Amino acid sequence: MDVSDLIDPLNTAQREAVTSPLGHALVLAGAGSGKTRVLTHRAAWLVRVEGATPYNLLAVTFTNKAAAEMRGRIEQLLGVSGSGMWVGTFHGLSHRLLRLHWQEAGLPQSFQILDSEDQRRLVKRVMRDLEVDDNRWPVRQIQGFINARKDAGERPDDLDGNDPYTGQMTQVYAAYESACRNSGVVDFAELMLRTVEVLQNHLELLGHYRRRFRHVLVDEFQDTNGIQYQWLKLLAGPEADVFIVGDDDQSIYGWRGARVENLQRFRSDYANTQVLRLEQNYRSTATILEAANTLIAKNSDRLGKKLWTEDEQGEPIALYAAFNEQDEARFVIERLMAWVEEQELARSDIAILYRSNAQSRTFEEALLSRRIPYRVYGGLRFFERAEIKDALSYLRLINNRDDSAALERVINTPTRGIGNRTIEAIRIAARDQNVSLWVAAKGLVENRGGLSARAINSLGAFLGLIDRLAAETVEMDLADQMETMIDRSGLRAHVGKDRSERAQDKLENLDELITAARNFEQDAVIEEGMDTLTAFLSHAALEAGEGQAGAWEDCVQLMTLHSAKGLEFPVVFLVGLEEGLFPHRMSVEEPGRLEEERRLAYVGVTRARQRLVITYAERRRLHGRDEFGIASRFIRELPPELVDEVRARFSVTGPGIAAGMGQDKADSSVSEAGFDLGARVQHSRFGEGVVLGCEGNGPNARIQVNFDAVGSKWLVAAYANLERV
DNA sequence: AATCCCTTTATTTTT
DNA sequence: TAAAGGGATT
């Protein structure tokens, strides 16, 4: 049997992991050590050498993107495609299981999935019903509580609500649950919890899956939470071999319930776990790697791992202390422009990484003004847009009239004379009779009870419209159904009336949705027992799509450190390394959270392949006021000999006097040798220009001047003989 | 139903 | 600062 294609591309440690004897294995895989390759090759190895079939595999990850990549690579190695392999995200696989066993799970056959926004709205509505003051009890906080409880596997009955806080939270939790039940909807956490419960309560199902899944593989294990761990433990029965890959140093989601301890716990729960380490890094230069190692060594409680590379030393890490955030952006962009030109780098080879989203703005403005294409990751995703969710809500109602979350969303969108009072009356009726909003509304119309004739009319018209459209579109294919709903509900006209410049975008989004439906119908493999509409709605909730179109253009990449995990770039700018910003002020108090920030810095550093530039601003406009920043402790924790400081202040009188920029003239001081950034200067040969920046100090200081006539030039300050104009 | 004005708040995010 | 959400106003 020839397995050279599985084995040859691997190094010794990777090979040892891939070919390890059956049994449990924990692979501690450092950044850039080829963990996805190990995982996929292991899966293929199990089938091609150990006699497993794809049917015996369960492979789990966190994101749709990672799952798709994993599936693709495994299928490629096995030479099969479209197999019945269970490869997917925790939520996707749970969803699949619940669709197959909806009866055992106590769900309606066409149950729908609430995304976070739907969930928040529903929690809020429940709170109104219970008359819980949302000033004292912020909705988001309660939503967080509910999800945290579910992630820990706890139902309201499991909670001890003796103290007022837990008592109040639990009351809302319980009411929220019953609202979900009445509507036939589940939230993301519920997908996990309900799956665990079905398996616990139906041993025949559990036995079936345990007999099937002889080999369980899990990626990014450090990101698992309590319920996901339970889920795995259930599905991977005593007969199964479990192969997990993770990196405790890249655990950056503790704040949303991820438990790094699960790595340790796995080792003690699964006897004879073989622990393997992947420490050879194929991504970064020795300099970058050494910096990363030194930084992460400051954390305690590590499982221990030290990355090494055969790569060359590479360039030192550049550090730039900017005057303020604009100067920071200016520096980053000039530097990246120079590299794109000189080294013929693609713009997409360059990433600007920051701690928080708000920091992207300054960079966007600077990039925009120089007409450099860029792409910001994150933000609103396609299926999360308001007009898209409105359209989907009409379909949800067609699918299931009791979906109160959907009804509430569209009952007066577009406005059709059903105001707050009417909706409130429906809610009260629904609550009193413990029925869905749809049933309550129907009752009100039939009994003509308690509402003005006008309200009854409007409401009756709405109910009739939905019923009629449902009947008329039942035979249509999904895309036609979608189009009919968008048009006949009046949504398209409503969206088109939006007299902001966004109306056009929104209309295009609606068309895009119809196209998405058409493509889905053609391409998607639909689970047994699910109709196309249900499948599409689930797909929309589980896979919210990309944030921005236009990804094909060669763009500079802007994203948070969190979203950069798993990616790599030849050039990385790590910006805003100031105390209070990174590490964030909200994380510096507790040692545990500070360590997570440090891991985040580690993730950032290890994204870079060839060049890493770190910047911070000595002054930054934050929440409308000027804040003075000091360099992040993470900068000090890097080995100084690997860091090359690019000096922007070129005062000869010593450090500490920063030349101010534009906005704050009163505060700017100019040293004898120096010029303000932005100052107009005169050169004997090049004429007049504007000072853009400078590097170095003393006699070696170089000044960059953008001359009106000849453009930007670097000049040695000592010889330039610049005169202020 | 739309508009205005006030208050509040400002990490990280996938499913 | 600025954006978003809520309440009151028109």
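A residue is termed buried when its relative accessible area is under 20%, exposed when over 50%, and partly exposed in between, for a 1.4 Å probe and protein chains only. By that definition, 54% of the 725 residues of chain A count as buried. The structure is a predicted model, in which local features need pLDDT of at least 70 and side-chain atom pairs count only at pLDDT 80 or more, while totals for chains, interfaces and linings use all residues. Residues are numbered from 1 along each chain as its sequence is written, chains are lettered from A and ligands numbered from 1 in the order in which they are written, and side-chain values use heavy atoms, without hydrogens and water.

The overall form of the chain may be considered next. A compact globule of 725 residues would have a radius of gyration near 27 Å, and the 29 Å of chain A agrees with this; the radius is taken over C-alpha atoms, and the globule rule is 2.2 Å times the number of residues to the power 0.38. Along the principal axes, the C-alpha atoms occupy a box of roughly 90 × 70 × 55 Å. Chain A contains 28 helices and 22 strands, which are DSSP runs numbered from the N terminus (helices H or I, at least four residues; strands E, at least two). Where a contact means heavy atoms within 4.5 Å, 73% of the contacts between residues at least 6 apart in sequence join residues at least 24 apart.

Rings of Phe, Tyr and Trp (its six-membered ring) pair if their centres lie within 6.5 Å; planes under 30 degrees apart count as stacked, over 60 as edge-to-face and the rest as tilted. F213 is buried, with a relative accessible area of 0%. Elsewhere, F221, Y229, F266 and Y270 form one aromatic cluster.
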